[in-house]
Amino acid sequence: MSTSSGQFTHINENFVCEYCGRHVQKAKTGCRNHCPFCLSSKHVDINPGDRANECRGQLKANGYELDGKKGIVLLFLCQKCGQKTRNKSLRDGPDPDDYDLILKLNVR
Ligand SMILES: [Zn+2]
Ligand SMILES: [Zn+2]
């Protein structure tokens, strides 16, 4: 792995997935809110990024859509409140989403 910038600083938004225990690096571009290894996330947002939801349930990917502009968009279902959310799949960066796992999901 090589970086062209030559300077890499750790940012605080890396996280440990509480569902599979793996360390997840924050994406360099875009917004990562789910674990690339088990495709799980935590239900913390009402609108993307606002952290205003008090549900805190587990969001599990249960399908995906193919979007002409965004590519793969993962569909999540909250295991606690049943709300459905979606998040663009990240295929670049240090920890790309597990493509094999995505392919096992149902395409909509
Ligand atoms: Zn995980
Ligand atoms: Zn929820």
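**Charges over rings**

I began with side chains and found the charged end of R22 over the ring of F37, 3.7 Å from the ring's centre. For this label, NZ of Lys or CZ of Arg must be within 6 Å of the ring centre and within 35 degrees of the ring normal. I also noted R91, whose charged end sits over the ring of Y99 at 4.1 Å from its centre.

**Ground rules**

This is a predicted model, where local features need pLDDT of at least 70 and side-chain atom pairs count only at pLDDT 80 or more, while totals for chains, interfaces and linings use all residues. Residues are numbered from 1 along each chain as its sequence is written, chains are lettered from A and ligands numbered from 1 in the order in which they are written, and side-chain values use heavy atoms, with hydrogens and water left out.

**The fold**

I looked up the secondary structure and got one helix and seven strands, where helices are DSSP runs (H or I) of at least four residues and strands are runs (E) of at least two, numbered from the N terminus. Along the sequence I read β-β-β-β-β-β-α-β.

**First zinc**

Which residues coordinate the zinc ion (ligand 1)? I found C17, C20, C35 and C38, each through SG, at 2.2 to 2.3 Å. Donors here are N, O and S atoms within 2.8 Å of the metal (3.2 Å for Na, K and Ca), and sites may look incomplete because water is not among the atoms. The site is tetrahedral because the four donor atoms subtend angles of 106 to 113 degrees; the label asks that all angles of four donors lie between 85 and 135 degrees. C17 lies in the loop between β1 (15-16) and β2 (23-24) and C38 in the loop between β2 and β3 (40-42), so this pair ties together parts 21 residues apart in sequence.

Are C17 and C38 buried or partly exposed? C17 counts as buried because its relative accessibility is 4%, and C38 counts as partly exposed at 26%. Buried means under 20% relative accessible area, exposed over 50%, and partly exposed in between (1.4 Å probe, protein chains only).

For the zinc ion (ligand 2), I wrote down H43 (ND1), C55 (SG), C78 (SG) and C81 (SG), at 2.0 to 2.3 Å. Its donor angles are 105 to 117 degrees, and this site is tetrahedral. H43 and C55 are both in the loop between β3 and β4 (58-67), 12 residues apart, and both are buried.

Conventions
Four donors count as tetrahedral if all angles lie between 85 and 135 degrees; four count as square planar and six as octahedral if opposite donors are over 155 degrees apart and all others between 65 and 115; anything else is irregular.
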